[in-house]
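Dear colleague,

I am passing on the structure we spoke about, and it is shown just below.

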Amino acid sequence: MKRFLKIIVLIIILLLVFFVGTFKYRQYKANQVAIPKNATALIKISVDEIYKSLALNMISNAGYYLKTDTTLKKNKANKFDFGLKIPASIYLYTIENQTQTTVFSRFEIDDFQEFSNFIKQTLKLNITKTSDYYLAKNSFAKFNILFNKQYAAIALSTQTDNLEPILRDILNQKEFIQIGDSKFNSLKNATNHIAYAAKELTGSVDFEDGAINFAHEFSSNGIVPTATSTHKPFNETSAIKFYLNADFKADNEKTLKLKNFNLQRDSLLKYYKGSLDFEWINSTQQTDSVITYEYNDDFEKVEKVTMQKRDVPNILLSIDADANGLKKYLSQQNIINTDSGLVNKAIFPLYKVFIGGDDKQLVFATKKTESINTKKIATDNFASLMVDFTKLNKQINIPVFSSYTKNLTRLNANGKFTGNDKIKVDGKLELVNKNINALYQLLKNF
């Protein structure tokens, strides 16, 4: 019996060594990838690290996965037989002189026919052939794939630019450099599920059991910390809470555009006093006039005005400011009407937004405020955001919105000045099932 147990232990150890060795080798190979010399940002998706997290979660929650795997039917799984060799890490990048919302990458093809079928049947892209390459793109030209028998260059964009020339360079690795020799060398050893870096920012995302953890660090250029950080007491029933304690450097050239209205940044900052709070507190009722038309006895079209009550979000935005000066400026720009005490309907047509406050605080709210809360609570963070999706879904009651957020419960994000001209934002997005890997929960309903 002891000998049998020793053999089992030895087999387990050998399997562990094999898997660890395989993962190490795959990661080594993935880190030998080259990227364009003129890459401006790099995103690393650690596929193997995600696999390991999912595997461990499946082992500890085997009953759940066995019970729910009926959702992963064979025909659904076949949609993702895409014919590419998936490395231990996938690298995406933006490129100089290209739109910074356009992301590129390069993959090795494992099965050319399977990859072609995936493009046509699943992605629904049209394929055209030249003498050396195949080009696939959608009707808006925002998803482009240039490929041959061995490799594929991919571009995702918000624009409709002609990306074929740059995709040719990527496919042929023209002007490429090893990641280890580039300015993104630090990403090579990152073990986060997703890690990214650009000129003045770094960040990461990790899919944990029941939550997504994220961190983002960037330059505080233009943002100045206030002497103290405080926020007003929030209502416990609020679905959204947000506060900010920071000043901003004036910039005469920057303009804030709201619909067809323009606000000068330096004019706003002249009155702003370094702090604001936002809160969504359940709902409130507003009475609006509804105009209908009917015909009188002479068959003339007559306008009829009726008053109608409706529930709207009870939102409250409070800004520390030279309120009198700020109101005067906003009135001059036709953003608010001081006579009616309302925000211009052309700016925010959904609800009535009332103007309130005193000489030190300007308040915008969907419910008239009779008193101003001047109490403040000290905080270590210069900024914070909390979203309770359970409450939000009930209050919004929009099926399209809740279909995307029904698996979410809470978002918390906090920002701090790190003392080296940087700002770090840490956060957690919590999901309904606290035991199951967050990525699996999101993809399960995809």
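I begin with Asp81, which sits in the loop that runs between helix H4 (74-77) and strand S3 (84-85). Please keep in mind that this is a predicted model. Asp81 has a relative accessible area of 34% and is therefore classed as partly exposed, since that class lies between the limits of 20% for buried and 50% for exposed. On the surface, Asp81 belongs to a patch of negative charge, where it gathers with Asp110, Asp111 and Glu114.

The other patch is nonpolar, and it is formed on the surface by Ile291, Tyr293, Val305 and Met307, which together have about 430 Å² of accessible area. Two strands contribute to this nonpolar patch, S19 (272-295) and S20 (301-321), and each of them supplies at least two of its residues. Met307 is found in strand S20, and because its relative accessibility is 58%, Met307 counts as exposed.

Finally, I looked at helix H8, which covers residues 323-332 and in which Ala323, Gly325, Leu326, Tyr329 and Leu330 are buried. On the face of H8 that is turned away from the buried side, the exposed residues are Lys328 and Gln332.

Note on methods:
Residues are numbered from 1 along each chain as its sequence is written. This is a predicted model: local features need pLDDT of at least 70, side-chain atom pairs count only at pLDDT 80 or more; totals for chains, interfaces and linings use all residues. Side-chain values use heavy atoms; hydrogens and water are left out. Patches are made of residues with over 30% relative accessible area and no salt bridge: like charges are joined within 9 Å, nonpolar side chains (Val, Leu, Ile, Met, Phe, Trp, Tyr) within 5 Å. Accessible areas come from the Shrake-Rupley method with a 1.4 Å probe; for residues, only the protein chains shown count as cover. A salt bridge is a side-chain nitrogen of Lys or Arg within 4 Å of a carboxyl oxygen of Asp or Glu. Lys and Arg count as positive and Asp and Glu as negative; His and the chain ends are not counted. The place of a charge is taken as NZ of Lys, CZ of Arg, CG of Asp or CD of Glu. Helices (H or I, at least four residues) and strands (E, at least two) are DSSP runs, numbered from the N terminus. Buried means under 20% relative accessible area, exposed over 50%, partly exposed in between (1.4 Å probe, protein chains only).
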